[in-house]
Amino acid sequence: MTHQFNYKRIYHFIRRDLTIRQSGMRTALIVVSAIAFVFFLINLREDYHITVGEFVNVFGLFYIPLGVLFTFSICKESHDPKANHLYFVLPVSVYERMAAIWFTTTILYTIVFSVLSFIVGQLAIVAGGIVFGTDFHVLPMLSGEYLGFAMFYCIVQPVFLVGALAFKKNRIGKTLLVFVLVFFGVIIYNMILFTMLNYRYDVHLGDAFASEAFGLAQNDFSVIGILFFVGILGPLMLFVGYCKMLEKEV
């Protein structure tokens with residue numbers, strides 16, 4: 001097999017994954033759509049209008065959890081002793097396989113779920129017009145809050161992708177545990193670092209001055225933090241996932 005990056009192999013690999021899982025994905029999307037439809041109708045009863053915040057709340061309630069489950073489902077085949085030998089002899093390289101998995105579980109999933117959420121919300125508005133007398137309006141989908149949800153998922157999704165590839169049993173629970181431990185570890189590290197940098201000023205974390213100073217420091221370094229997560233966390237986790245996939249294939 002050639003090691004040259006080939007988009008056709010990626011396309012066929014994506015098509016294969018979606019074809020195998022089409023029944024389960026269809027069922028999950030139907031169930032989520034039905035629940036989201038009810039939630040949209042409940043929001044319409046209050047002011048007969050779905051605001052940006054209400055749409056994002058319903059969208060975010062299902063978007064990230066369903067995406068995580070989809071990621072673990074895509075990677076499940078690599079742990080199956082009855083099927084993984086056929087999975088790893090497919091004519092596709094490791095980086096093409098990783099590119100296909102990432103594109104399917106991040107970009108393609110986000111587009112499909114966003115369009116589906118818009119359609120369900122718009123149908124709820126039409127139904128609300130029939131049941132509650134709601135005036136027809138276009139669902140306010142594109143907003144900063146929506147894009148923030150999508151960006152956050154794109155950043156943290158590689159973490160769950162690594163967990164889906166690294167753990168054989170209780171994969172979701174173990175991945176969430178590691179994620180929580182790392183999150184609290186970062187918080188503790190920041191608290192210790194803040195105390196060390198301000199010990200000469202007799203600043204304690206419980207003081208009002210400390211809270212104000214910490215808020216200012218957070219504002220100063222917010223851009224650096226965003227660049228760190230966007231520029232380092234995602235690519236780093238994808239590289240770790242590549243190494244895990246390469247280890248399994250070998």
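Reply: A cavity is a set of grid points where a 1.4 Å probe fits but cannot get out. Please bear in mind that the model is predicted.

Me: By this rule, what does the count of cavities of 30 Å³ or more come to?

Reply: The count comes to 1 cavity of 30 Å³ or more. The largest cavity has a volume of about 80 Å³.

Me: Which residues line the largest cavity?

Reply: The lining consists of V32, S33, A36, F40, V58, F59, F62, F113, L116, S117 and V120. Helix 2, helix 3 and helix 5 each supply at least two residues of this lining.

Me: How do the residues of that lining divide by class?

Reply: They divide into 9 nonpolar and 2 polar, with no charged residues.

Me: Let us turn to the packing. At what angle do helix 2 and helix 3 pack?

Reply: The angle is about 165 degrees, and the axes lie 9 Å apart. Because angles over 145 degrees count as roughly antiparallel, helix 2 is roughly antiparallel to helix 3. Their crossing is right-handed.

Me: Which residues make that contact?

Reply: Helix 2 contributes M25, A28, L29, V32, I35, A36, F39, F40, N43, E46 and D47. From helix 3 come E54, F55, V58, L61, F62, L66 and F70. By class, the contact of helix 2 with helix 3 has 14 nonpolar, 1 polar and 3 charged residues.

Me: And where helix 3 meets helix 5, how do the axes cross?

Reply: The axes of helix 3 and helix 5 come within 10 Å and cross at roughly 150 degrees. Helix 3 passes helix 5 in a right-handed crossing. On the helix 3 side, the contact includes F55, F59, F62, Y63, L66 and F70; on the helix 5 side, it includes I101, Y109, F113, S117 and F118.

Me: What is the class make-up there?

Reply: The contact of helix 3 with helix 5 has 12 nonpolar and 7 polar residues, and no charged ones.

Me: That leaves helix 2 and helix 5. At roughly what angle do they cross?

Reply: Their axes come within 9 Å and cross at roughly 45 degrees, which means that helix 2 is oblique to helix 5. This crossing is right-handed as well.

Me: Which residues of helix 2 meet helix 5?

Reply: They are L29, V32, S33, A36, F37, F40, L41 and L44. Among their partners in helix 5 are F113, L116, S117, V120 and L123. The residues of this contact divide into 14 nonpolar and 4 polar, with no charged ones.

Me: A change of topic: what volume does the second largest pocket have?

Reply: The volume of the second largest pocket is about 320 Å³. It is lined by 16 residues, and the closest to its centre are M25, L29, L66, F70 and Y109.

Me: Which elements give two or more residues to the lining of the second largest pocket?

Reply: Those elements are helix 2 (22-47), helix 3 (52-75) and helix 5 (94-131).

Me: How does the lining of the second largest pocket divide by class?

Reply: It divides into 11 nonpolar, 3 polar and 2 charged residues.

How values were computed
Residues are numbered from 1 along each chain as its sequence is written. This is a predicted model: local features need pLDDT of at least 70, side-chain atom pairs count only at pLDDT 80 or more; totals for chains, interfaces and linings use all residues. Side-chain values use heavy atoms; hydrogens and water are left out. On a 1 Å grid over the protein atoms alone, a cavity is a set of points where a 1.4 Å probe fits but cannot get out, and a pocket is an open set with protein on both sides within 12 Å along at least five of seven lines; lining residues have an atom within 4 Å of a point. Grid points are joined across faces, edges and corners, and a volume is the space filled by probe spheres set on the points. Helices (H or I, at least four residues) and strands (E, at least two) are DSSP runs, numbered from the N terminus. Ala, Val, Leu, Ile, Met, Phe, Trp, Tyr, Cys and Pro count as nonpolar, Asp, Glu, Lys and Arg as charged, and the others, Gly among them, as polar. Axes are lines fitted to C-alpha atoms, for helices over the stretch in contact, and angles run from 0 to 180 degrees between N-to-C directions. Angles under 35 degrees count as roughly parallel, over 145 as roughly antiparallel, 65 to 115 as roughly perpendicular and the rest as oblique. A crossing is left-handed if the near helix is turned anticlockwise from the far one by less than a right angle, and right-handed if clockwise. Contact means heavy atoms within 4.5 Å.
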